[in-house]
Amino acid sequence: MSVRRRALGSTGLEVSEVGYGAWGIGGTRWLGAEDGESLRALERAIALGITFFDTALAYGQGRSERLVGRAVRAARDDLVVATKVPPKNGRWPAPSGIHPDEAFPEAWIVECTERSLRNLELEAIDVQQFHVWSDDWAGRGEWLGAIERLKREGKIRCFGVSINDHDPASALELVASGVIDTVQVIYNVFDQSPEDELFAAVEAAGVGVIVRVPFDEGSLTGAVTAETTFPDGDFRNDYFRGDRKEEAWRRAQAIAAAADVSTGELADLALRFCLSQPAVSTVIPGMRSVRNVERNVAAAGRGPLDGELLEQLRAHRWERNFYA
């Protein structure tokens with residue numbers, strides 16, 4: 001098994017088309033993460049050709065960054081590490097109508113970047129991102145000066161933003177401005193909204209696309225049924241509250257029937273759906289175990305879906321926001 005690579009926009013970097021999403025190994029809202037298994041998963045990912053690793057300062061208060069840093073420092077020098085600056089005001093998603101300096105003042109951006117560098121124990125961050133974004137902030141505030149300073153000092157190489165959940169149009173002005181290198185966005189069989197405007201915009205601007213939540217927190221793997229339970233304290237208890245598990249399971253079964261696959265094959269289908277979009281640079285499923293890594297690499301190796309199947313899947317678009 002090995003992973004194909006794609007250009008990360010116009011950055012000059014090539015990254016594995018399947019990247020490593022490191023939220024879960026932070027262990028704060030996903031329960032069950034164990035550092036030893038997380039490190040084995042990271043090492044297996046590197047061995048199989050995964051070269052892109054996405055973490056954040058907020059994932060386990062630096063725990064995820066420390067694990068990622070430990071794994072990549074011991075490996076090849078072609079690995080690409082992305083992390084994120086949390087908003088100083090602690091508001092997820094970014095609200096409209098506030099000044100950008102409330103969320104990302106210059107001193108805060110620099111301070112968080114320095115903390116991430118210490119956690120990672122790296123000389124530079126390949127892709128530094130804001131963990132939230134509002135297009136109200138384009139062309140305003142101290143944040144751009146901070147990013148330019150960090151690039152000059154060699155502490156970061158590229159800059160991007162993580163777009164608010166299920167709101168890809170909220171970064172169109174920023175993409176058009178030419179000041180960013182990447183965007184991170186939710187895209188999956190249910191949430192196909194980036195196809196409406198964002199993907200055409202990033203292709204025109206040469207901006208790389210990092211796709212998160214390809215499995216809709218598990219519902220697009222066939223693992224979340226009406227009877228599924230999660231440990232106390234696991235964020236999925238809220239994400240799938242009320243009748244959401246039943247609705248998600250019903251829709252997942254409909255996708256499997258339309259594609260003529262078993263529900264156990266849905267994860268393969270869901271990942272390949274994302275990789276069938278040419279605007280996408282890399283997809284970052286969460287991988288907390290060696291088994292997760294090997295399954296995702298194997299699925300990617302089967303290549304994009306054919307056009308007829310893609311059209312069938314487009315009928316399963318589902319407009320909702322379970323994070324709200």
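**A close look**

Modeller: Gln 128 lies in strand β6, residues 125–130 (strands are DSSP runs of E with at least two residues, helices runs of H or I with at least four, numbered from the N terminus). This is a predicted model, so local features need pLDDT of at least 70 and side-chain atom pairs pLDDT 80 or more, while totals for chains, interfaces and linings use all residues. Residues are numbered from 1 along each chain as its sequence is written, and side-chain values use heavy atoms, without hydrogens or water.

Gln 128 is buried, at a relative accessible area of 0% (buried is under 20%, exposed over 50%, partly exposed in between, with a 1.4 Å probe and protein chains only). Its side chain and that of Thr 113 make a polar contact of 3.0 Å (N or O atoms within 3.5 Å, one able to donate a hydrogen and the other to accept it; residues adjacent in sequence count only if both atoms are side-chain atoms). The side chain of Gln 128 also reaches the backbone nitrogen of Lys 84, at 3.4 Å. Beyond neighbours within four places in sequence, the contacts of Gln 128 (heavy atoms within 4.5 Å) include Thr 83, Val 85, Ile 156, Cys 158, Phe 159 and Gly 160.

Now for the helix. In α11, the buried residues are Val 293, Asn 296, Val 297, Ala 299 and Ala 300. Arg 291 and Arg 295 are exposed, on the face of α11 turned away from its buried side. Among the elements covering the buried residues of α11 are β3, α1 and α10.
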